[in-house]
Amino acid sequence: MLHSNLQINEKGHLTLAGADVCTLADKYSTPLFLMDEERIRENARTYISAMREFMGEGSRPLFASKSCCFKRLYEIMAEEGMGTDLVSPGELYTARAAGFPLENAFFHGNNKTDADIEFAIDSGVGYFIADNREELCSINTIAKRKGKVQNILLRLTPGIDPHTQQKISTGKVDSKFGTAIETGQAMELCRFILTLENISLCGFHCHIGSQIFEYEPFADAADIMLRFIKDVKDELSHSVSILNLGGGFGVRYIEEHPHIDYRENIKSLGEKIDEMCLALSLEKPAILMEPGRSIVADSGLTVYSVGSVKTITGYKSYVSIDGGMPDNPRFALYESDYTALIANKADKEADFVATIAGRCCESGDIIQEDVNLVCPERGDYLAVLVTGAYNYSMASNYNRLPRPPVVMIRDGKDYVAVKRETHADLIRNDI
């Protein structure tokens, strides 16, 4: 199977973390998000131990909240000793409600409002990852009013093209995020920051993109960022102690994707950073990374019920399911790859080629095109694998559909982490 927590049992049913997916679909109905809690913890521990060993003192991973955000997940991250990055006041509110220690939180966003900034400062967020001059002025003004000095990292664009999908590439000079190094604007902004009395410039941040399988693009980014840290020290007599290289390590969605050894990647990256710091005669900063997808993606799958099988003679076949782009918009947005199978016939030969279509009144409501399936029937359970990241967090109520629940599996037992929305929930705020 695609990942080790996926198996086929004696009934021929797909299992996740040892739990029968079809039994859980019977119990909770569909559509249904399932997540393997132990896999989440294993992935977090891999990052924590590898970064501690190979990146040096103070280095640590921050869970990228945008990949998946609900209270129970923050509880797990806190229990495992992860930090977190937050990209909105809603994520901040959720983390705070879960009791996550916000001194270990880093607040992102390319357009934080004054209300966002005040909320974050009042909540005790450890660091802002500041994006632009206007934001810096607001942070300084609000922090001064509150009698605080706010720690920040400045987000920079290192000019790296990681050769990933263009819509998830964020490190090039032409980006809505951060300030470019090569244009000279980053140094100019640093000079301005050092005039602000209620801001402490502690380090720099970059993020070059997502679904990156090799460590080399991160090493290229680190080289540019470390050279900039050295330039700031030499030109402005200011030393920083943190370098945040962002997230982006990929995961296997389909068999053609490579296996990734995250520990080995982190080791190789750490060795490169040590070499760079030595060559620059630079004291090594604490290294942060922001894994999201590689923490939760392979913990999850989504289960749907098949409604119809439609074959257009001479063209193609469609398998329609009771979910779609409201619970997984990634194919519509990015043409993302997924592996799908009929969960109650997982031991049968997949010799029927079909496109998986959602239930929305939208021709673009597709989960995957031209996949090999066991020929399905109405009532079968169709599972889409590796949906732990950017599925629940991107889910919507398009076509006025309630969002599915999130059910976690731990030690062979299931529990509800997020309840299924009801039709009453859909009109809760209507007047």
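1. In which helix do Glu 37 and Arg 41 both lie, and how many residues apart are they? The helix is H2, which covers residues 37-54, and the two are four residues apart, or about one turn of the helix. Please keep in mind that this is a predicted model.

2. Glu 37 and Arg 41 are joined by a salt bridge, and their closest N and O atoms are 3.0 Å apart.

3. The number of salt bridges comes to 28. One of them links the side chains of Arg 252 and Glu 255, with 3.2 Å from N to O. Arg 252 counts as buried because its relative accessibility is 6%, which is under 20%.

4. Another salt bridge is formed by the side chains of Asp 347 and Lys 348, at 3.3 Å from N to O. Here both partners are partly exposed: Asp 347 has a relative accessible area of 47%, and Lys 348 has one of 49%.

5. Helix H6, residues 133-145, holds Asn 140. Is Asn 140 buried or exposed? Its relative accessible area is 13%, so Asn 140 is buried. A polar atom of the Asn 140 side chain lies 2.8 Å from the backbone nitrogen of Asn 198.

6. Ser 138 is also found in helix H6. With a relative accessible area of 19%, Ser 138 is still under the 20% limit and so is buried. Ser 138 and Leu 73 are 65 residues apart along the chain, and 31 Å separates their C-alpha atoms.

7. The next points concern the backbone. As a rule, most peptide bonds are trans, and most residues other than glycine have a negative phi. What kind of peptide bond joins Thr 30 and Pro 31? The bond is cis, with omega at about -5 degrees. Pro 31 sits in the loop that runs between helix H1 (21-28) and strand S4 (32-36).

8. Arg 400 is not a glycine, yet its phi is positive, at about 60 degrees. The loop between strand S19 (381-385) and strand S20 (406-410) contains Arg 400. With a relative accessibility of 43%, Arg 400 counts as partly exposed.

9. Asp 411 likewise has a positive phi, near 55 degrees, in a residue other than glycine. Where is Asp 411 placed? Asp 411 belongs to the loop between S20 and strand S21 (413-418). Its relative accessible area is 71%, which is over 50%, so Asp 411 is exposed.

Conventions:
Residues are numbered from 1 along each chain as its sequence is written. This is a predicted model: local features need pLDDT of at least 70, side-chain atom pairs count only at pLDDT 80 or more; totals for chains, interfaces and linings use all residues. Side-chain values use heavy atoms; hydrogens and water are left out. Buried means under 20% relative accessible area, exposed over 50%, partly exposed in between (1.4 Å probe, protein chains only). A polar contact is a pair of N or O atoms within 3.5 Å; within protein, one must be able to donate a hydrogen and the other to accept it, and residues adjacent in sequence count only if both atoms are side-chain atoms. A salt bridge is a side-chain nitrogen of Lys or Arg within 4 Å of a carboxyl oxygen of Asp or Glu.
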